[in-house]
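Dear colleague,

I am handing over the structure below, together with some notes on what was found in it. Please read them with the sequence and the 3D view open.

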Amino acid sequence: MGTSNTKKLYFGMTGAKLNIWLAIACTTAMTLFGYDQGVFGGIIVTDSFLDTMGNPDSGLQGTIVSLYDIGCFAGAMITIAFGEHFGRKKWLIFGVIIMSIGAILQTSAFTVAHMIVARLITGIGNGMNTSTAPVWQSETAKASWRGSLIVFSMIMNIAGFSLSNWMTYGLSFVSGSISWRFPIAFQLVFSVILLATVPWLPESPRWLIAHGREAEGAEVLASLEGDGATVDSPQVLNQKLEILEAVKIEREQSPSWGAILKGKTGNTGMVKRLLLGSGTQWMQQLVGINVTSYYLPLVLQNSVGLSNTMSRLLAACNSVSYLIFSFIGLWLIERAGRRKLMMWGAAGQAVCYALISGLLSQANGTTTRGQSFGAGATTFFFVYYLFFGICWQGVPWLYPVEINSLSMRTKGAALATGSNWISNYIVVQITPTGIQNLGWKFYLIWMAFNTAFVPLIWMFYPETANRHLEDIDKLYRDNQDLVFVLRCKEAYQTERPQRFIDAEHEREEAVKHSPINVKDGNLDGEVEHNEYA
């Protein structure tokens, strides 16, 4: 197939332009995720909303907010069962449509039961989206862009969160139900962007080739490559070969869930790696981010004693600083490594929660001294977000992709996403009641979790920065009893181990003298793992 035919696809866009549009679509899905996470924090303290819902108590408020996370968990589990069959594009479109239906139902709600059903439906759609968009992104992006793009998409998740805070703050000065119905309905703007872009963008070339649609997969590879590449170009043929080889390995080595539960996973440390990947998502929730992401205005009102308007304004300002400082994480993700970022973040967050608890224990809004303590606690809520944005926002979404083997990457990512939502649900469900019943002591719980995670990461979590994905496979094959990473320098050093670099150079020399034949999917010779597999 010639270049002219390739250029007719995707409105004639190829190469970097096409990759940018794919990034826009995937990033929009994650921005919608962030917006939807933050919007209810402003709505739950809106008088019109509370009056419409019959002024629910703190327990029922937690249920209304947190059942969204149960819907997200269900959406992630449904994706495990059916997502692979439909492909990345179709499944993402299904998720957007379901989420849009949920948004419309939330906007039109007049009862708690109506709102709960609508929140569950919205969650199912978002669970499908958040399980699919990062995979689609990683399977279409070049390897050199993959980590930065996934972290950037999570930064835009914060942008969505910030937008929702400013939206609810601005509309808090408007009377009537529009003050909460409009922010919910605004989710549909993101749905329109997704439905206008996803249908004409390319499907994952890996998914196409894995499902026997090799000609279509090669067309996508040529379009993504750009620079006049065609399906017959050497670089496209090489990429197709590598994907075919990766698919072959995955089919031969991917164990069933039954085999995993019985521990029959060979010598690749699959179970340990699944637990480590899912563990990052559990830890991301247990460091306490959604104590404040969903409820910061409520926290500032009930714990600090600020007015409704001031609580909303500070929550909105906090979201901007959170967004700005998260870009530092984009710069540090490869330089500092995953381990250091998580340990630094957990240590800083533990100190913040300790100071928040201590200051709130002395805060009393009726005296000048008490107000000063309240202001100090508010400051450390801001500082907490800086640590989280830099260190914890992106790593837990990236680590499960990197730590799991090729044959377990899809299952591992889905399990990690499910872990995120179920732990998210637990935190969001208990927070209103915890604040009401425990007051300042409630924040000591999150201080304890953050403190515990520092030695946990130091002892058990291998470094995945500055490594090829195959390096992690080899690390576990060569160290089958690897649990405590401190026993193996290769497992915790930030720089790529020299023996992996030497082995790569040897393979490159071997490739130069190896015959390669990709006609009709036949695999001969040995080549380096390509950027799209």
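In these notes, buried means under 20% relative accessible area, exposed means over 50%, and partly exposed lies in between (1.4 Å probe, protein chains only). This is a predicted model, in which local features need pLDDT of at least 70 and side-chain atom pairs count only at pLDDT 80 or more, while totals for chains, interfaces and linings use all residues. Residues are numbered from 1 along each chain as its sequence is written, and side-chain values use heavy atoms, with hydrogens and water left out.

Salt bridges come first. A salt bridge here is a side-chain nitrogen of Lys or Arg within 4 Å of a carboxyl oxygen of Asp or Glu, and the structure holds 11 of them. One of them joins R273 to D473, with the closest N and O atoms 2.6 Å apart. This pair links distant parts of the chain, since R273 sits in helix α14 (residues 270–286) and D473 in helix α23 (residues 469–478), 200 residues apart; helices are DSSP runs (H or I, at least four residues), numbered from the N terminus. R273 and D473 are both buried.

Another salt bridge is formed by the side chains of E402 and R338, at 2.5 Å from N to O. It too links distant parts of the chain, with E402 in helix α20 (residues 395–403) and R338 in helix α18 (residues 338–362), 64 residues apart. Both of these residues, E402 and R338, are buried.

Within helix α23, D478 and K474 lie 4 residues apart, about one turn of the helix, and they form a salt bridge whose closest N and O atoms are 3.4 Å apart. D478 is partly exposed, with a relative accessible area of 39%, and K474 is partly exposed as well, at 30%. K474 and D478 also belong to a network of salt bridges that includes E490 and R499.

Turning to the helices, α2 (residues 15–43) has 29 residues and reaches 42 Å from its first C-alpha to its last, close to the 42 Å expected at 1.5 Å a residue, where the expected span is 1.5 Å times one less than the number of residues.

With kind regards

How values were computed. Helices (H or I, at least four residues) and strands (E, at least two) are DSSP runs, numbered from the N terminus.
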